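Please read them with the structure open.

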Amino acid sequence: MDKKTIKDIDVKGKKVFVRVDYNVPFDAEMKITDDTRMVRTLPTLNYLLDHGAALILACHIGRPTEAREPQFSTKHLVKHLSELLKRPVQWAEDCVGPKAEEKAKDLKPGDVLLLENLRYHKAEKKNDDAFAAQLASLADVAVDDAFGVSHRAHASNAGVPKHLETVAGFLMEKEINYIGKTLEAPKRPFVAIIGGAKVSDKIGVISNMIDKADKIIIGGGMAHTFDAAKGLPIGDSLCEPDKYDLARDLLKKAEEKGVEIILPLDLKVSNMFPADEKYATEGKTKIVDVDKVEDGWDALDSGPKTSEAYSKALDGAKTIIWNGPMGVFEYKDFADGTLAVAKAVAKATDEGAISIVGGGDSISALNKTGLTDKISHVSTGGGATLEFLEGKEMPGIAAIADK
Ligand code: AMP
């Protein structure tokens, strides 16, 4: 990686400003329901602490306003963070100004201070330079481990580096190494799997993958827009008619570049959506070929011939990027297609492929298959992963010091 990491700097006796992504979900009692994002920063934090640093942690929760809605306070993270780090965690009632400065001033090596929600200040999202300077003034050096916000130019990730040398934490390094390097020089064959609800959410990813991949599997709801654009009947399936031209353009671009696009051969259709109360008693499903979807039927998953074709396309792949489920995986009747792809990706990974899953709903879809551990890299970003896969410049990454 051409960016500096925490291994390239000496942090002994220094106060280190660490931007982390602790935007975790809470239940009604403000208990954290999934601490994955916190756990994944522990290698960085423990490394810094073991090397004699004092930590000043900065993050955001939710979308607060300057009214400082209490449910978005970072104080709800303190207890759990302290348990994870096995040491006390101090908390500052603000992320800048006297309340933060006072607490930061007295930190000793091994101490940890968590700042209040950055987004209680509008200046954070505006990447206000004076605010960034205030944040930077708390510390001697900065670390960015918040990949999840790296597609945004905010004060804490894009502004602070103008005032303080900023290096990548281990989590950030892993994301850059996996996604960045893979896109730069993929081992071939490179297969991209793109699913999920809508084409409109993934135009950039599909387009970038046509430039880079050898084969693209298109599944899930978005496949119906491609099918309809080709003149196939899609019944009541999800579809975006205003994207037919775009779908045709993408198919044409792929053909010109010699990229194989693999669309469904058969589909599992249903007479109603499984969320419908009547589904339990009146729901019917059947498998039909892709040219036989009738009105009144909604295609909600891949059929077996499709899953077989997708698996065949993944056989022998050396690089795989997967974004988005192959069907309405939230319901077990429509999860087979996603499971089949997860199995094929796991098999290819076992045989030496590098596999990366991330963006949108992909992680929960993968978790449902129970095959998460079989994947080389599960990206922590949602929107950030998507934009990275689109090949866009990531302001948070660009701001990290070069080696
Ligand atoms: P995304 O966030 O773009 O990855 O989209 C994930 C969502 O797409 C999930 O909630 C799926 O239920 C939904 N989805 C996948 N396939 C279909 C389909 N055939 N029809 C409707 N929704 C779908």
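1. Ser156 sits in helix H7. Helices here are DSSP runs of H or I with at least four residues, strands are runs of E with at least two, and both are numbered from the N terminus. Ser156 is buried, at 4% relative accessibility. Buried means under 20% relative accessible area, exposed means over 50%, and partly exposed is in between, with a 1.4 Å probe and protein chains only. The side chain of Ser156 makes a polar contact of 2.7 Å with the side chain of Glu124. A polar contact is a pair of N or O atoms within 3.5 Å; within protein, one must be able to donate a hydrogen and the other to accept it, and residues adjacent in sequence count only if both atoms are side-chain atoms. Leaving out residues up to four places away in sequence, Ser156 touches Phe17, Arg19, Leu118, Glu124 and Leu135. Contact here means heavy atoms within 4.5 Å.

2. A word on the basis of these values. This is a predicted model, in which local features need pLDDT of at least 70, side-chain atom pairs count only at pLDDT 80 or more, and totals for chains, interfaces and linings use all residues. Residues are numbered from 1 along each chain as its sequence is written, and side-chain values use heavy atoms, with hydrogens and water left out.

3. Next, the ligand. Which residues come nearest to the ligand? They are Ala197, Lys202, Gly221, Ala299 and Glu330, out of 17 residues around the ligand. A residue is near if one of its heavy atoms lies within 4 Å of the molecule. By class, this shell has seven nonpolar, seven polar and three charged residues. Ala, Val, Leu, Ile, Met, Phe, Trp, Tyr, Cys and Pro count as nonpolar; Asp, Glu, Lys and Arg count as charged; the others, Gly among them, count as polar.

4. Look at the polar atoms around the ligand. A backbone N or O atom of Ala197 is 3.1 Å from a ligand oxygen atom. In the side chain of Lys202, an N or O atom lies 3.0 Å from an oxygen atom of the ligand. A polar backbone atom of Ala299 lies 3.1 Å from a nitrogen atom of the ligand. Taken alone, the ligand exposes 500 Å², and the protein buries 84% of that. Accessible areas come from the Shrake-Rupley method with a 1.4 Å probe; for residues, only the protein chains shown count as cover.

5. How many salt bridges does the structure hold? There are 23. A salt bridge is a side-chain nitrogen of Lys or Arg within 4 Å of a carboxyl oxygen of Asp or Glu. One of them pairs Glu387 with Arg152, with the closest N and O atoms 3.8 Å apart. This pair links distant parts of the chain, 235 residues apart: Glu387 is in helix H16 (residues 383–389), and Arg152 is in the loop between strand E5 (141–144) and helix H7 (155–159). Glu387 is buried at 17%, while Arg152 is partly exposed at 38%.

6. Other salt bridges deserve a look. Glu294 pairs with Lys286, the closest N and O atoms being 2.9 Å apart. Glu294 is partly exposed at 41%, and Lys286 is partly exposed at 31%. Salt bridges that share partners join Asp211, Lys253 and Lys257 into one network. Glu93 pairs with Lys99, with the closest N and O atoms 3.8 Å apart.

7. Asp94 lies in the loop between strand E3 (90–92) and helix H4 (98–105). Is Asp94 buried or exposed? It is buried, at 14% relative accessibility. Its side chain makes polar contacts with the side chains of Arg68 (3.1 Å) and His121 (2.8 Å). Among the residues that Asp94 touches are Lys99, Ala100, Leu115 and Glu116.

8. Please check the backbone too. Arg68 has a positive phi of about 55 degrees although it is not a glycine. Arg68 is in the loop between strand E2 (54–58) and helix H3 (75–85). Met30 is not a glycine either, yet has a positive phi of about 65 degrees. Met30 is in the loop between strand E1 (15–19) and helix H1 (36–39). The peptide bond from Arg188 to Pro189 is cis, with omega near 5 degrees. Pro189 is in the loop between helix H8 (170–184) and strand E7 (190–194).
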